[in-house]
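Here is a short report for a first look at a protein model. Please keep the sequence and the 3D view at hand.

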Amino acid sequence: MGVPPKKPEARSRAPRVKPRERRPLILDAALPIFAEHGYRDTSMEAIADAVGVTKPVLYDAFPSKRALFRALVDREERRLLAQIAAAFPGDVDATDIEALLSGALAATFAAVVAAPHSWRAVFDARDAADPEISRRVARARRDQLKRVEYVVEGALLARDAADSERVARLAARMIVAVGDAGAQLLLEEPVAWEPQELAKIVAGMLARGLESL
């Protein structure tokens with residue numbers, strides 16, 4: 001008599017909890033999936049499998065992939081901003097433009113290395129084809145530019161630079177764009193760069209450009 005086939009093992013399920021309590025667990029499981037595959041190529045089924053729940057349970061917590069991704073982006077943006085703020089040195093001389101830029105970029109790049117999945121998800125939010133997410137990203141970018149403009153203009157005024165307000169608007173856009181490029185580089189080549197080294201190089205380039213103005 002042959003050996004009877006083994007019954008397939010049932011997939012383990014997460015313990016029964018309320019949707020509100022389950023949401024953070026779902027976001028934790030969804031983050032690396034969105035980071036690896038992007039918004040368009042991530043399915044709710046893949047997220048449900050990662051969490052260990054059925055799709056109806058997943059939809060009970062988040063009514064759609066769009067709603068889940070919005071919640072994820074909101075959470076990760078808050079985490080990243082808090083991480084950067086905590087890492088930024090508080091004793092930098094505001095008149096030393098290069099030191100100021102180096103400190104800000106080093107804090108940002110260190111946050112990229114510490115939480116690459118979060119940064120990939122936030123970057124992917126810009127291409128999510130979701131008007132609400134696009135508006136949120138644009139609003140966050142405007143706030144970021146305003147903060148950088150304020151700091152740069154203060155540094156320029158302390159040095160009696162001419163036309164400081166207009167130059168600060170230009171410089172803020174350059175700094176944010178270069179910061180994004182550096183973050184992308186760290187995500188693409190994580191072993192090729194150290195955050196402090198990259199920040200120092202980029203800050204030197206930007207500071208020399210500002211000095212020339």
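## Basis

This is a predicted model, where local features need pLDDT of at least 70, side-chain atom pairs count only at pLDDT 80 or more, and totals for chains, interfaces and linings use all residues. Residues are numbered from 1 along each chain as its sequence is written, and side-chain values use heavy atoms, with hydrogens and water left out.

## The largest pocket

The largest pocket holds about 1,000 Å³ of space. Its lining counts 34 residues. Nearest its centre lie L81, I84, T108, Q144 and R147.

Five helices, α4, α5 (97-114), α6 (116-125), α7 (131-158) and α8 (164-188), each supply at least two lining residues. Helices here are DSSP runs of H or I with at least four residues, numbered from the N terminus. The most comes from α7, with ten residues.

## E77

E77 sits in helix α4 (residues 65-87). Its relative accessible area is 19%, so E77 is buried (under 20% relative accessible area, with a 1.4 Å probe and protein chains only). Beyond its neighbours within four places in sequence, E77 is in contact (heavy atoms within 4.5 Å) with V122 and A140.

## V202

V202 belongs to helix α9 (residues 195-212). V202 counts as buried because its relative accessibility is 9%. Neighbours within four places in sequence aside, V202 is in contact with L105 and V178.

V202 and S102 are 100 residues apart in sequence. In space, their C-alpha atoms are 7.6 Å apart.

Conventions
Buried means under 20% relative accessible area, exposed over 50%, partly exposed in between (1.4 Å probe, protein chains only). On a 1 Å grid over the protein atoms alone, a cavity is a set of points where a 1.4 Å probe fits but cannot get out, and a pocket is an open set with protein on both sides within 12 Å along at least five of seven lines; lining residues have an atom within 4 Å of a point. Grid points are joined across faces, edges and corners, and a volume is the space filled by probe spheres set on the points.
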